[in-house]
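I opened my notebook to look up how one chain is packed. These are my entries, in the order I made them.

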Amino acid sequence: MSLQSVRQFFADRAPDVEIIELSQSTATVALAAAAHRVEPGQIAKTLSLKIKDEVILVVAKGDARLDNKKLKSVFGAKARMLSSDEVVILTGHPVGGVCPFGLENPLAVYCDISLRQYQEVLPAAGAIHSAVRIAPERMAQLTDATWVDVCL
């Protein structure tokens, strides 16, 4: 179902973007980087966070780590990662397939500036074996994302 919502998202907004489906799991940055033959940083990981009463998504390069001080500075409060169950309920995507496309609920999307070092990144596409190749700026545009600096 999740992969289908991502398919619909791209059919509606960017039919030229092709969803890549592989037979092996790409549920972690390391697995995805190996499967797509790219460096780990080029995998765009989507983190589901709760800040105060708001759930947000932060998309960052695969080998980046969140910086709690920067997060608090940008969002005005501490963030906590959602549980696996919360992720599925709120995004409609399984852990390992979470992406900012085809969301179950409207969520604010933020792209970390770490993504801008790449011409093309590979975020998941709603399943643990799917991804898309997309320019970071285009991904931000399609998801109405705001650019932030929240990673080390």
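**Ground rules.** I am working with a predicted model, where local features need pLDDT of at least 70, side-chain atom pairs count only at pLDDT 80 or more, and totals for chains, interfaces and linings use all residues. Residues are numbered from 1 along each chain as its sequence is written, and side-chain values use heavy atoms, with hydrogens and water left out.

**Aromatic rings.** How many aromatic pairs are there? I counted rings of Phe, Tyr and Trp (its six-membered ring) as a pair if their centres lie within 6.5 Å, calling planes under 30 degrees apart stacked, over 60 edge-to-face and the rest tilted. That gave me four aromatic pairs. In one of them, F10 and F101 have ring centres 4.8 Å apart and planes at 55 degrees, so I noted the pair as tilted. F10 is in helix α1 (residues 2-13) and F101 in the loop between α4 (84-91) and β5 (108-112), so this pair ties together parts 91 residues apart in sequence. My helices (H or I, at least four residues) and strands (E, at least two) are DSSP runs, numbered from the N terminus. Both F10 and F101 are buried; buried means under 20% relative accessible area, exposed over 50%, and partly exposed in between, with a 1.4 Å probe and protein chains only.

Next I looked up F75 and Y110, whose ring centres lie 4.8 Å apart with planes at 80 degrees, so the pair is edge-to-face. F75 belongs to helix α3 (residues 68-75) and Y110 to strand β5, so parts 35 residues apart in sequence are tied together.

**Helix α2.** Which residues of helix α2 (residues 29-36) are buried? I found A32, A33, A35 and H36. An α-helix has 3.6 residues a turn, so residues three or four places apart point the same way. On the face turned away from the buried side of α2 I noted the exposed residues A30 and A34.

T91 is in helix α4 and is buried, with a relative accessible area of 1%. Its side chain reaches the backbone oxygen of V87 at 2.7 Å. I also checked contacts, meaning heavy atoms within 4.5 Å. Leaving aside neighbours within four places in sequence, T91 is in contact with residues including S48, L57 and V98. S48 lies in strand β2 (residues 43-51) and counts as buried at 6% relative accessibility.

**The cores.** A nonpolar core here is a set of buried Ala, Val, Leu, Ile, Met, Phe, Trp, Tyr and Cys residues joined through side-chain atoms within 4.5 Å. Which residues of the largest core touch the most other members? Of its 30 residues, they are F10, F101, V132, I134 and M139. The elements giving two or more residues to this core are α1, β3 (54-61), β5 and α5 (136-142), and α1 gives the most, with four residues. Apart from this core lies another, of 13 residues, among them L49, V58, L71 and A77.

Technical notes. Polar contact = N/O pair within 3.5 Å; in protein donor to acceptor, adjacent residues only side chain to side chain.
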